[in-house]
Amino acid sequence: MGIIVKIKKKFKFLFKLFSRKDRMKIGIYGPPNAGKTTLANRILRDWTGDVMGSVSDVPHETRRARLREGVKIEVDGKSVTIDIVDTPGLATKIDFHEFLKFGLSEEEAKRRAKEATEGVIEAIKWLDDLDGVLMVLDATEDPYTQVNVTIVGNIEARGLPLLIVANKIDLPNASPARIKAAFPQHPVVPISALKGLNIDTLYREIAERFG
Amino acid sequence: MEGVQLNLISKDRLDKMGSMEKIRMILDEVKRGKIIVLESGLTPEEEAKLIELTMLEIDHEKFVGIEVESYPQKTKGFFSKIFGGSGGRLTVIGPANRLKTIQKSDEFIEALVSLEK
């Protein structure tokens, strides 16, 4: 890596401190089936009356990043306008056999797997064009996965503000405390994107951190 | 003797290698069915690059991806952010169909290596 590029990367977090944009581009990241698109849909429905994309129990439903510009969020007299990027779920392995269990044909499953691999690459590329990240984790799952560690490490290395969303707290075995213990250096907001539980607290945090 | 080959790579050796050299070596060995243990691990950027290249090489038949396990990075201070510090911590990488993580916490990783491909 060239010395100039290295220096630019090292000082990027300092540069960001002094050059806040009027409108921040916020990426929604996380592993497959954590509820990223459900959250994007919730935010858009609440503030624009629109939706981002379809959701499904089959992993890797979102296989292309989707951008929605100019979403205005107003909480307690404070307002923030953000561009939202809903990204495909990150994974280190994609086996088409997993999709067969959901009733897909072999041809469909292979096509989905191929598109999912492209989606993972696209999600990683987007990291360089963002001003902040909402990381969505399934609160019923173990947060200590390598994908989660890698996402957090990359966000920290780029100096991006990060808000961790502990999703699916409406489920009986959800444990947002486990997520807080795994990533104590970052704020964690427990919500249910599907049911809208504690969503106002999330909007307050978004306005606070990305405003 | 039937078994799984484990390659334990020292920090000294890793320090002499460039990022792409490390990633290429890891992917080539993992695709041959080996388990790689890195004493000093990878930086977050190298891990992201490893995932990217893995996605490009998945063929949906013989190679479906990798299993990677490492401990979370220690939180960096102001000066280490500017001047750089050590890379990642101890990391285990293997083919997804051979290496399975059983349990993982901040200070402990338990994994299972299967003999069958």
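Angles run from 0 to 180 degrees between N-to-C directions, with axes as lines fitted to C-alpha atoms, for helices over the stretch in contact.

A word on ground rules: this is a predicted model, where local features need pLDDT of at least 70 and side-chain atom pairs count only at pLDDT 80 or more, while totals for chains, interfaces and linings use all residues. Residues are numbered from 1 along each chain as its sequence is written, and chains are lettered from A and ligands numbered from 1 in the order in which they are written.

**Next: the sheet in chain B**

Colour the strands in the order S1-S2-S4-S3 (chain B): that's an open sheet of four strands with mixed pairing. Its edges are strand S1 (6-9) and strand S3 (66-70) of chain B, each pairing on one side only. Strands pair if DSSP finds at least two bridges between them. From one strand to the next, the twist averages 15°. Now zoom in on S1(B) and strand S2 (residues 35-38) of chain B, which run parallel and are joined by four bridges. Pick Asn7(B), and its bridge partner in S2(B) is Ile36(B).

Zoom out to chain B as a whole, and you can count four helices and six strands, in the pattern β-α-α-β-α-β-α-β-β-β along the sequence.

**Last stop: where the chains meet**

Show both chains: the contact (C-beta atoms, placed from the backbone, within 7 Å) takes 22 residues from chain A and 26 residues from chain B. On the chain A side, H4(A) gives the largest share, seven residues.

Select helix H4 (106-126) of chain A along with helix H3 (residues 44-57) of chain B: they pack at about 155°, with axes 9 Å apart. H4(A) and H3(B) are therefore roughly antiparallel (angles over 145 degrees). Show side chains for Thr117(A), Val120(A), Ile121(A) and Ile124(A) in H4(A), which meet Ala48(B), Ile51(B), Glu52(B) and Met55(B) in H3(B).

Notes:
Two residues are in contact if their C-beta atoms, placed from the backbone, lie within 7 Å. Helices (H or I, at least four residues) and strands (E, at least two) are DSSP runs, numbered from the N terminus. Angles under 35 degrees count as roughly parallel, over 145 as roughly antiparallel, 65 to 115 as roughly perpendicular and the rest as oblique.
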